[in-house]
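Opening the notebook on a new model today. I want to go through a hairpin, some ring contacts and a helix.

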Amino acid sequence: MNFSNGNDNSNNKSSAYYVRAVRSGKCKLLSFATIYDAYIDCRRGKRGTINAIKFDYDLIGNLFDLALEIQKGTYLPSRSVCFVTNSPKLREVFAADFRDRIVHHLIVRELEKIYEPYFIYDSYASRKGKGIHIAANRLQKYMLKATKNRKQKAYYLQLDIRSFFMSIDKNVLFKIIYEKLKLYIQKNEFYRNEANALLYLLKIVIFHDCTKNYLFKGDKSLLNQVPPHKSLFHIDKNKGLPIGNLTSQFFANVYLNELDQFVKHKLHCKYYLRYVDDFVLVSDKKNQLIEWKKLIEEFLYKKLLLGLRKDWKHGRVSDGVNFLGYIVRPDYKLVRNRVVNNSTLAY
């Protein structure tokens, strides 16, 4: 892949975005120290799991083997564990092996340095210092601003993506990151080797088909109850990311950051926030929101190959917005019974 002119050589590979590994001597990203740091991140909160214990049994040897595979360009993901969770609804989850999760942390740690300054403030999922409660508080603050402290009417538009994780297009995702890295090294020429190494790992992780090598745990009959459009077993192989991996959460933010930038800088919406694929726009102009909805739908389809769910919501902010387990109104918030019950069960 030639970042200087944007050309790439597929070398008869199935995907046009073919990249090669870069030796660690030329690339800090592939050094043992960097991979060890990713391991430290990965083991946080996981030291008692069977996979982590097995990996730690020969920690130095396993880390050196993993580092060598990455540096030589022979790294391939191991077998995943598949299971179905039913809280709050049936979901198919693929959990990567511990060594692969180290690679995921390696990727995310590096991409965060590039993307965090680029993400909008009001993206609240899977980011440090963000989260559900802060997002709900921010929405309430926007309601107060739009109503001028409840002195005028204001309206909300709440949308989310249809089968979001299963609808992410892998080629589109890879191209988005490739273009971002291309721009980044134009300003940071010293980063060229790291960018190539990062693309090499991204190529493997993004296009890996975890349905080809997995171990199922639990009641396998539950798999048949997962709707086909929400299962990696039934969708196009160039679509979908496995729910349960750190990279999938981060890639979701990268993918929908394109939407965030469009809403903030093309539509010039002041009061907008997003948590994964659930997003809300607030305005004192009702018709403006309806027009924005049409433009967002068009943008998602053309740019990201995504569609909106049909049960979108639109109304006055005084009626309340059902958002992330809260009913949010300008002057108060209510916690939904489902969230209270889940918290009680966890306790």
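Predicted model: local features only at pLDDT ≥ 70, side-chain atom pairs only at ≥ 80, totals over all residues.

**Hairpin first**

Then I looked up the strands themselves. E5 covers residues 271–275 and E6 covers residues 278–283. They run antiparallel, with five bridges joining them. Is E5 mostly covered or mostly open? It's mostly covered, since I find four of its five residues buried, i.e. under 20% relative accessible area.

The turn got its own check. Two residues sit between the strands of this hairpin, and Val276 takes a positive phi near 55°.

**Rings**

How many aromatic pairs does the structure hold? I get 19. One of them is Tyr184 with Tyr191, edge-to-face, at 5.2 Å centre to centre and 80° between the planes. I looked up the exposure of both partners: Tyr184 is partly exposed at 26% relative accessible area, whereas Tyr191 is buried at 6%.

Tyr214 belongs to strand E4 (residues 214–216), while Phe233 is in the loop between E4 and helix H9, so the contact ties together parts that are 19 residues apart in sequence.

**Lysines over rings**

Two entries here. Lys180 lies over the face of Tyr118, 3.5 Å from the ring centre. Lys203 does this with Phe207, at 5.4 Å from the ring centre.

**Helix H9**

Last stop was H9, residues 246–265. I wanted to know where the kink in H9 is centred. The answer is Leu256, with a kink of about 35°.

Then I checked the length. At 1.5 Å a residue, the 20 residues of H9 should span 28 Å, and the end C-alpha atoms are 28 Å apart, so the two agree. I'm writing the kink at Leu256 and the agreeing span side by side in the notebook.

For burial, H9 is mostly covered, with 16 of its 20 residues buried. A reminder for when I go back to its side chains: an α-helix has 3.6 residues a turn, so residues three or four places apart point the same way.

Terms used: Residues numbered from 1 in each chain as written. Heavy atoms only, no water. Buried < 20%, exposed > 50% of the residue type's maximum accessible area, 1.4 Å probe, protein only. Pairing = 2+ DSSP bridges. Phe/Tyr/Trp six-rings, centres within 6.5 Å; stacked < 30°, edge-to-face > 60°. Lys NZ or Arg CZ within 6 Å of the ring centre and 35° of its normal. Expected span 1.5 Å × (residues − 1). Bend = angle between axes of the 7 residues up to and from the residue.
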